[in-house]
Amino acid sequence: MAKPHAKLRGLMMANDYTMPQLARKIGIGKSAMSERLNYHRDGFTLKEAYTILQLFHVPIEQLHEVFPPCPRK
């Protein structure tokens with residue numbers, strides 16, 4: 001099974017972004033970023049998601065691909 005938020009992780013790698021760098025760009029802490037990427041906390045806000053899409057030049061139509069719903073445990 002792929003890691004949670006695999007598409008977002010791929011975008012981060014392709015654009016040479018670390019979790020702390022992306023966290024700073026969207027205005028959250030490193031631990032909050034890690035928790036959201038690993039589904040240990042509620043997902044990204046819509047504002048954060050749009051900021052990330054703009055940063056990585058991803059069309060809004062791909063929002064559901066980059067930010068899939070949290071799988072139920």
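User: Against which helices do the buried residues of helix 3 pack?

Analyst: In this predicted model, the buried residues of helix 3 pack against helix 1 (6-14), helix 2 (19-26) and helix 4 (46-55). Helix 3 itself covers residues 30-37, and its buried residues are A32, M33, R36 and L37.

User: What makes these buried residues of helix 3 line one face?

Analyst: Seen down the axis of helix 3, they fall within an arc of 130°, so they line one face of the helix. An α-helix has 3.6 residues a turn, so residues three or four places apart point the same way. On the other side of helix 3, K30 and S31 are exposed. Just after the helix, Y39 takes a positive phi of about 60°.

User: Why is L53 called buried?

Analyst: The cut-off for a buried residue is under 20% relative accessible area. L53 has 1% relative accessibility, and therefore counts as buried. This residue is found in helix 4.

User: Which residues is L53 in contact with, leaving aside its neighbours within four places in sequence?

Analyst: Contact requires heavy atoms within 4.5 Å. With those neighbours left aside, L53 is in contact with V58, P59, I60, L63, V66 and F67.

User: What puts the buried residues of helix 1 on the same side?

Analyst: The buried residues of helix 1 are L8, R9, L11 and M12. Around the axis they cover an arc of only 160°, which puts them on the same side of helix 1. The face turned away from this buried side carries the exposed residues M13 and A14. Cover for the buried residues of helix 1 includes helix 2, helix 3, helix 4 and helix 5 (63-66). Just after helix 1, D16 has a positive phi of about 55°.

User: How do you know that the buried residues of helix 2 line one face?

Analyst: L22, A23 and I26 are the buried residues of helix 2. Their directions fall within an arc of 105° when seen down the helix axis, so they line one face. R24 and K25, which are exposed, lie on the face turned away from the buried side. The buried residues of helix 2 have cover that includes helix 1, helix 3 and helix 4. G27 follows helix 2 and has a positive phi, near 80°.

User: How do you know that the radius of gyration of the chain agrees with a compact globule?

Analyst: For 73 residues, a compact globule would have a radius of gyration near 11 Å; the chain has 11 Å, so the two agree. Along the principal axes, the C-alpha atoms fill a box of roughly 30 × 25 × 20 Å. Buried residues make up 32% of the 73 residues.

User: How many helices and strands does the chain have?

Analyst: The chain has 5 helices and 0 strands. From the N terminus on, the elements run α-α-α-α-α. Among contacts between residues at least 6 apart in sequence, 50% join residues at least 24 apart.

User: How many positive and negative side chains are there?

Analyst: There are 11 positive and 6 negative side chains, and the centres of the two sets lie 6 Å apart. The accessible surface of the chain comes to about 5100 Å², of which 55% belongs to carbon and sulfur atoms.

Note on methods
Residues are numbered from 1 along each chain as its sequence is written. This is a predicted model: local features need pLDDT of at least 70, side-chain atom pairs count only at pLDDT 80 or more; totals for chains, interfaces and linings use all residues. Side-chain values use heavy atoms; hydrogens and water are left out. Buried means under 20% relative accessible area, exposed over 50%, partly exposed in between (1.4 Å probe, protein chains only). Helices (H or I, at least four residues) and strands (E, at least two) are DSSP runs, numbered from the N terminus. The arc is that of the directions from the helix axis to the C-beta atoms. The radius of gyration is taken over C-alpha atoms; the globule rule is 2.2 Å times the number of residues to the power 0.38. Accessible areas come from the Shrake-Rupley method with a 1.4 Å probe; for residues, only the protein chains shown count as cover. Lys and Arg count as positive and Asp and Glu as negative; His and the chain ends are not counted. The place of a charge is taken as NZ of Lys, CZ of Arg, CG of Asp or CD of Glu.
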